[in-house]
Amino acid sequence: MISIVLPTYNEARSIQEVLRRASEALRKTEEGHELIVVDDSSPDRTAELAEALASEIPVRVLRRPGRQGLATAVVAGWSIAKGDVLGVLDADLQHPPEVLTQLADALRNRNADVAIAARSGPGGGSAEDWSWMRRLSSWTARHLAACVLPRTLADVSDPMSGMFIVRVQSLEGVRLEPTGYKILLEVLGKAHYRDLVEVPYIFQARSLGSSKLGLRESLQYLAHLGRLARSTGQLRSWMRYAAVGFTGAVVNVAVLTFLAERQAWPVGWALAVAIPLALLNNFFWNWLFTFRTPQALGAEPRAGVLRRLVHYGKVCATGVALNASLTLLLDWQGVPLPLASAAGVTLGGAWNLFFNVPSIWRSWDSASPHSHSSSWEGSGNPELVSTGQASSSHRKAEGGGGR
Ligand code: GDD
Ligand code: MN
């Protein structure tokens, strides 16, 4: 049985249509389903309108006193659900309920553990033309999550989706304690799952009612990211990565100053030695310390090391270019070399931390047996039938998530 929770706050204008369409979409799966509306005492009587349909379709309403937030509403709904598959659907019709049929299919017939309706991928997108401000803030929010939770989000293109389903099994022993809006982030961070499928869809413009997302929700989002990063151990890897970067900065500045000032090399030549040395330093410490690849030095085939190294160099190339340019520029302006170099290294490092974390993590994790398999619905990805094991972040979460 599939249980879908619809969190509502003042959705009187769309609630009946969304319930009818969701029920219709789930009927096509030819298995039992229930819809659970979790309403936070909407003054517009959303709850009554939902209850009025109870004679036609399997719907229940859970009423909560006062507005308590989207994500907790979902958890409350799941806690009274009877299905072996749990899901969420926003009630404002921005997520077409018809996609539920495909989501259910991904779990039942393709053996996925999580299925997400995604705004990206072939055929996905947004119906509205977003202003560049809105696009930038949406990108920043997503990028921030990808940096703070690089392992959790490595295989997911729309981790903020308001429509997904997950097997109850995957949530066994998991304590979901989300705040704010992003229930899916919490599920991806803590659930035990192996295969994930994303089904592209077009996010509709909101034609009825209004969005409830405000500043409060944005701040809660940041706090939520922080808590997940800590509880999944990803904050620790990130801090190690930053610490290693700091040692690289010291190597860079010291070698450059030594070669240029003590050995009187031209600054350009000295840079050409100092930067690669710093990169090598970072590479090896990240290998042994940040990511602690189980087969540390020696055990890994040489080709594997080289491949990682080349990839690492490529990913870091922009940071390197920024570092070298700023150092040369400041040196040319007469700034003392150690200072010029420190500025260059800081710029390059900041660039790396802000833009490269997801791809660096991916390059490390993908070569290990930890990664999930994921695919687009309809892409015919043969990886779907996976024999891999749960990712490390999930195994960590099994310990209660407290680290
Ligand atoms: N029970 C309850 N309590 N429901 C709430 C609350 C609350 O405090 N706040 C919002 N909701 C309900 C709304 O009534 C709606 O059904 C759903 O949660 C989504 O709220 P919107 O305000 O429409 O959110 P959005 O469209 O800006 O963003 C949604 O879609 C995005 C894209 O998939 C959310 O689901 C985002 O998390 C998601 O990223
Ligand atoms: Mn909405």
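Let's start with one pair of residues: I36 has R60 in β3 as its bridge partner. The model here is a predicted one, where local features need pLDDT of at least 70, side-chain atom pairs count only at pLDDT 80 or more, and totals for chains, interfaces and linings use all residues. Residues are numbered from 1 along each chain as its sequence is written, while chains are lettered from A and ligands numbered from 1 in the order in which they are written.

β2 and strand β3 (residues 59-63) run parallel and are joined by five bridges (strands pair if DSSP finds at least two bridges between them). Helices (H or I, at least four residues) and strands (E, at least two) are DSSP runs, numbered from the N terminus. Together with helix α2 (residues 46-51), β2 and β3 form a right-handed β-α-β unit, right-handed meaning that, with the strands pointing away from the viewer, the path from the first strand over the helix to the second runs clockwise.

Next, look at two helices. α1 (residues 15-27) packs with α4 (residues 99-108) at an angle of about 35°, and their axes are 8 Å apart (axes are lines fitted to C-alpha atoms over the stretch in contact, and angles run from 0 to 180 degrees between N-to-C directions). A22, A25 and L26 of α1 meet L100, T101 and A104 of α4, contact being C-beta atoms, placed from the backbone, within 7 Å.

Finally, there's ligand 1. Among the 25 residues around ligand 1, the nearest are P7, A73, A91, G162 and K212, where near means a C-beta atom, placed from the backbone, within 6 Å. β1 (2-8), β2 (33-39) and α3 (70-79) each give two or more residues to this shell.

Technical notes:
Contact = placed C-beta atoms within 7 Å.
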